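Me: I am new to reading protein models. Can we go through some features one by one?

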Amino acid sequence: MNLTEYWKVHQELSGTSSTAVRTLVLSGVAVVWLFHQDKAGTILLPRLAIIALIFFVASALFDLLQYVWLAWIYGRLARLAELRQRPVGEDLPSHPPWLNWPAYIFYYGKVLLTIAGYVFLGFHLFGRLSVTG
């Protein structure tokens, strides 16, 4: 495989993993909600479920921030090219690699936050198990 093919595979896999993270986050929030209790108009959740929920919400926020950051960067680069009156079809020089670092932090952060959410959800579930027999 050449470098272009490696980048193509990277983009496909990161897109697929982002979709999986979104599905897992929504599923995690749904499972947390199963443990809620409503007492006198107040929603009560077990402590570990609340911690898991915080991680799931943070993961969703990182997912959003990843795309907002990249949209802003590429929009700014396109606008700068327009201001410099570059022809529309002309290839532009590469942007500095450090501009991608926040997107990578948000990407890997959302994956790790989702895993952490499921770890705490697992702690809660295993704490509720009882063995009989």
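Me: Where does I115 lie?
Reply: This is a predicted model, so take every value as computed. I115 lies in helix α3.

Me: Is I115 buried, partly exposed or exposed?
Reply: Look at the relative accessible area. Under 20% is buried, over 50% is exposed, and the range in between is partly exposed. I115 has 47% relative accessibility, so I115 counts as partly exposed.

Me: How far apart are I115 and V25, in sequence and in space?
Reply: Take the two distances separately. Along the sequence, I115 and V25 are 90 residues apart. In space, their C-alpha atoms are 9.4 Å apart.

Me: How do I describe two packed helices?
Reply: Two values do it: the angle between the axes and the distance between the axes. Take α2 and α3. Their axes come within 8 Å and cross at roughly 165°. That makes α2 roughly antiparallel to α3, because the angle is over 145 degrees.

Me: Which residue classes make up the contact of α2 with α3?
Reply: The contact has 22 nonpolar residues, six polar and two charged.

Me: What is the handedness of the crossing where α2 passes α3?
Reply: α2 passes α3 in a left-handed crossing.

Me: At what angle do α1 and α2 pack, and how far apart are their axes?
Reply: The angle is about 150°, and the axes of α1 and α2 are 9 Å apart. So α1 is roughly antiparallel to α2. The crossing of α1 and α2 is left-handed.

Me: Now pockets. How much space lies in the largest pocket?
Reply: About 440 Å³.

Me: How many residues line the largest pocket, and which lie nearest its centre?
Reply: The lining has 15 residues. H10, Q11, S14, L70 and Y104 lie nearest the centre.

Me: Which elements give two or more residues to that lining?
Reply: They are α1 (3-34), α2 (47-83) and α3 (101-128). The largest share, six residues, comes from α1.

Me: How do the lining residues of the largest pocket divide by class?
Reply: Seven are nonpolar and eight are polar. None is charged.

Me: Where is A40 found?
Reply: A40 is in the loop between β1 (37-39) and β2 (42-44). A40 is exposed, because its relative accessible area is 84%.

Me: Where is S130 placed?
Reply: S130 is in the segment after α3. With a relative accessible area of 60%, S130 is exposed.

Me: How far apart are S130 and Y67?
Reply: Count along the chain, then across space. S130 and Y67 are 63 residues apart in sequence. From C-alpha to C-alpha, S130 and Y67 are 43 Å apart in space.

Me: In which helix does R79 lie?
Reply: R79 lies in helix α2. Its relative accessible area is 38%, so R79 is partly exposed.

Me: What separates R79 and G41, in sequence and in space?
Reply: In sequence, R79 and G41 are 38 residues apart. In space, the C-alpha to C-alpha distance between R79 and G41 is 50 Å.

Me: One more residue. In which helix is P102 found?
Reply: P102 is found in helix α3. P102 has a relative accessible area of 22% and is therefore partly exposed.

Me: How far apart are the C-alpha atoms of P102 and Q11?
Reply: They are separated by 17 Å. Along the chain, P102 and Q11 are 91 residues apart.

Notes
Residues numbered from 1 in each chain as written. Predicted model: local features only at pLDDT ≥ 70, side-chain atom pairs only at ≥ 80, totals over all residues. Heavy atoms only, no water. 1 Å grid on protein atoms, 1.4 Å probe; cavity = no way out; pocket = protein on both sides within 12 Å on 5 of 7 lines; lining within 4 Å. Points joined across faces, edges and corners; volume = space filled by probe spheres on them. Helix = DSSP H or I, 4+ residues; strand = E, 2+ residues; numbered from the N terminus. Nonpolar A, V, L, I, M, F, W, Y, C, P; charged D, E, K, R; others polar. Axes fitted to C-alpha atoms, helices over the stretch in contact; angles between N-to-C directions. Parallel < 35°, antiparallel > 145°, perpendicular 65-115°, else oblique. Left-handed = near helix turned anticlockwise from the far one by under 90°. Buried < 20%, exposed > 50% of the residue type's maximum accessible area, 1.4 Å probe, protein only.
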